[in-house]
Amino acid sequence: MGRPKRDWILILDFGSQYNQLIARRVRESQVYCELHPYNISLNKIRRWKPRGIILSGGPASVYEPDAPLPDAGIYELGIPILGICYGQQVMAHQLGGKVKGSSKREYGHARLSVDEPVALFEGFDGSADVWMSHGDAITELPPGFKRVAYTANAPYAAIATAGFAAGSIQTAKPNASEPRLAGIQFHPEVVHTPRGAEMLSNFVHKVCGCGRDWTMQNFLARQTEAIRKTVGPSGRVLCAVSGGVDSTVGAMLLHHAIGERAVPVFVNNGLLRAGEADEVQARFAEILRVPLVYVDATDRFLSALSGVKSPERKRKIIGRVFCEVFRDEAARLSEHGKIDWLMQGTIYPDVIESRSVKGPSATIKSHHNVGGMLKQTLNLKLIEPFRELFKDEIRALGHELGIDAALVGRHPFPGPGLAVRLIGACTRKDLEILRRADAIVIEEIRKAGLYDRIGQAFAVLLPVKSVGVMGDSRSYERVCAVRAVETVDFMTADWFDMPRPVLRAISNRIINEVREINRVVYDISSKPPSTIEWE
Ligand code: XMP
């Protein structure tokens, strides 16, 4: 693996659900880091030369027969190591200490008292609130370690070797003879440890001596060079643009690097929200000043979807037609110069997921990997400029590229579009009804100043009719469901506690303005067990 020369931190993954958070905290302190399975070889680590190693938490117990343990040679490399929770137990266990299953699990807030001035807690006044989540705990320290902090229930809440002493580390000592090892029982990466980010920052800066070179400004400069080198002086890149943040930032990045040899293509599949096709085109033309190829494939998509009710079939058809439209468009565009590359918006969580120690998580819906299908259909080489980035870093990069905040903060919209919000078959008429209702939901939420507090909000059109009264006569019309959720990562979500006046305004307007709907309901299910979309 070609690895740029820079200061970086290796995080060994023992399977904790919080691991991506550790990586994000390290990056927030402007230091690059990568997560790798706990059992990567010592040789690789030697070659990769990280400035520091973090052993993550994990669900195992060190005494289990198949307990995940790293190569014990890591402690001899002269690289500073910080073990977190299970990572702390692993370190103690491998270095001759003792770990025991404690009689009760400790879970929740604890007050940490610091005994010894170590670099990890520099800037703290001797105590901190921390978050605990563990069963096992250390009962006997390994040789060379001292207790440096404790809580009421955890006598060894933080342990360290002398190399971690505060103030003794001004600059990095790549081959320091004194081992620089520390372990903490609590989780510094979660928000419930309010100053945890500072602790991790102390580790990467004060102990490992990393510089602050992971900024989106630097990334932009480096990635621009990398793209130019990869694509060569004449290569052309096809960028599929959906109107969302990732693909827009991707197209802008490519355009920044290779100008008009980056060809952004936006396909209208007839399943977009009200005004969306116009907005995307206007944004590229007026704000971003990048020429966008616009393809109206509404007829192709809607005729392929005609009469199809099954959610999975709808998704599959949309994916297939999307690839066909792109294949035709790529052939047409190649008449002006061959297209060699396809930009794909793979992001770092996808990379981690695909090589996680737990294996890729089960797919509940086929969020068809359109990128993968496209690559197969088009037979182009792949360029993935975001493989290293987390979602929030892509947003920051967008900011760096001058992309307006309104786009960067937009709610996500699924690839299959309104098809998964129109229960049953997609007809032009129903799509139009849904568009009008959906636009009202978003308008009212914006008007109430709630848009940025909500993760995703939309209308769903049900294939159900109900009876109502309109003036003096009886009506028999459709039901519309309104969904709004709060979420951090879209993996779990809670329904948004929408203020009544906003619900009232949404309902009144939909029923008054969309004649085909006479009943509005609010979706109060969380994920799991429900999902965010209805199909
Ligand atoms: P669910 O419904 O699975 O949605 O809770 C989680 C997030 O994923 C989006 N979503 C999709 N995005 N293609 C996409 O690009 C899809 O097929 C798809 N299905 C769901 C959904 O909008 C939410 O943000």
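Tutor: Strand E7 (residues 145–150) runs antiparallel to E8, and 4 bridges join the two. Strands pair if DSSP finds at least two bridges between them. This is a predicted model, in which local features need pLDDT of at least 70 and side-chain atom pairs count only at pLDDT 80 or more, whereas totals for chains, interfaces and linings use all residues. Residues are numbered from 1 along each chain as its sequence is written, and side-chain values use heavy atoms, with hydrogens and water left out.

Student: Are the residues on the two faces of E8 buried or exposed?
Tutor: Ala 158 and Ala 160 on one side are buried, as are Ile 159 and Thr 161 on the other. Buried means under 20% relative accessible area, exposed over 50%, and partly exposed in between, with a 1.4 Å probe and protein chains only. In a regular strand, side chains alternate between the two faces of the sheet.

Student: Changing topic: which residues of helix H12 are buried?
Tutor: In H12 (residues 391–400) they are Glu 393, Ile 394, Leu 397 and Gly 398. Viewed down the helix axis, the buried residues of H12 fall within an arc of 150°, so they line one face. The arc is that of the directions from the helix axis to the C-beta atoms.

Student: What do they pack against?
Tutor: The buried residues of H12 pack against helices H1 (19–28), H5 (216–231) and H6 (245–258), where contact means heavy atoms within 4.5 Å. Helices (H or I, at least four residues) and strands (E, at least two) are DSSP runs, numbered from the N terminus.

Student: Back to sheets. What is the order of the 5 strands in the open sheet?
Tutor: The order is E12-E11-E10-E13-E14, with parallel pairing. Strands E12 (293–296) and E14 (381–383) stand at the edges with a single partner strand each, so one side of each has no neighbour in the sheet.

Student: Which strands does H6 lie across?
Tutor: H6 lies across E10, E11 (262–268) and E13, running at about 155° to E10. Axes are lines fitted to C-alpha atoms, for helices over the stretch in contact, and angles run from 0 to 180 degrees between N-to-C directions.
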